[in-house]
Amino acid sequence: MQIKVFTISCSEKNEANEELNRFLRANKVVNIEKQFYILNNDAYWSFCVSYLPSQSSSSQEKKDNKVDYKSILDERSFANFTQLRSLRKMLSEQDDVPAYAVFTDVELSLISQLEEINESNIMKIQGIGEKRMERYGKKICEMYANLNKQ
């Protein structure tokens, strides 16, 4: 996962808005943090975009339009990601729903990078709300903890 920061002046008519829009269309966005601030009597928006680069913008290999998480994640995170995917599969089979309805691969990759995989940290990930946390997050935390006790 990579980040890019955009700063856009609210008072000037410039290409920064279009540059941001082109970038968002061209990449798989994982998270956007935004901040409004005033500097020297001018107002600005600053956007920090976490993203997975598209095939055309990086040397990252994709197969069948799927992200190769082994090349993106460090060794520890990828091991966590692999465990989380198998837990997600069990939960999706139990509820007879597609795996992405439990958590998407992007969400699992973000969870796998957490220092500690617990409910409060997972809730900080954009796109994961209380309903999914209640339905799947608690279970996946418990299953993950039990798996790693062995």
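## A first look at this protein

Residues 24 or more positions apart account for 56% of the contacts in the protein with a separation of 6 or more. Keep in mind as you explore that this is a predicted model.

**Overall build**
- You will find seven helices and five strands in the protein.
- Reading from the N terminus, the elements follow the order β-α-β-β-β-β-α-α-α-α-α-α.
- The C-alpha trace spans about 55 × 35 × 30 Å along its principal axes.

- Of the 150 residues in the protein, 36% are buried.
- The protein exposes about 10000 Å², and carbon and sulfur atoms supply 47% of that area.

**Charges**
- There are 21 positive and 22 negative side chains in the protein.
- The centres of these two sets lie 3 Å apart.

**A helix to look for: α5**
- Helix α5 takes in residues 105–112 and is mostly covered, with seven of its eight residues buried.
- Those buried residues are Val106, Glu107, Leu108, Ser109, Leu110, Ile111 and Ser112.
- Among the elements covering the buried residues of α5 are the strands β2 (28–39) and β3 (42–52).
- Helices also contribute to this cover, including α2 (69–72), α3 (75–95), α6 (119–123) and α7 (130–149).

Terms used. Residues are numbered from 1 along each chain as its sequence is written. This is a predicted model: local features need pLDDT of at least 70, side-chain atom pairs count only at pLDDT 80 or more; totals for chains, interfaces and linings use all residues. Side-chain values use heavy atoms; hydrogens and water are left out. Helices (H or I, at least four residues) and strands (E, at least two) are DSSP runs, numbered from the N terminus. Buried means under 20% relative accessible area, exposed over 50%, partly exposed in between (1.4 Å probe, protein chains only). Contact means heavy atoms within 4.5 Å. Accessible areas come from the Shrake-Rupley method with a 1.4 Å probe; for residues, only the protein chains shown count as cover. Lys and Arg count as positive and Asp and Glu as negative; His and the chain ends are not counted. The place of a charge is taken as NZ of Lys, CZ of Arg, CG of Asp or CD of Glu.
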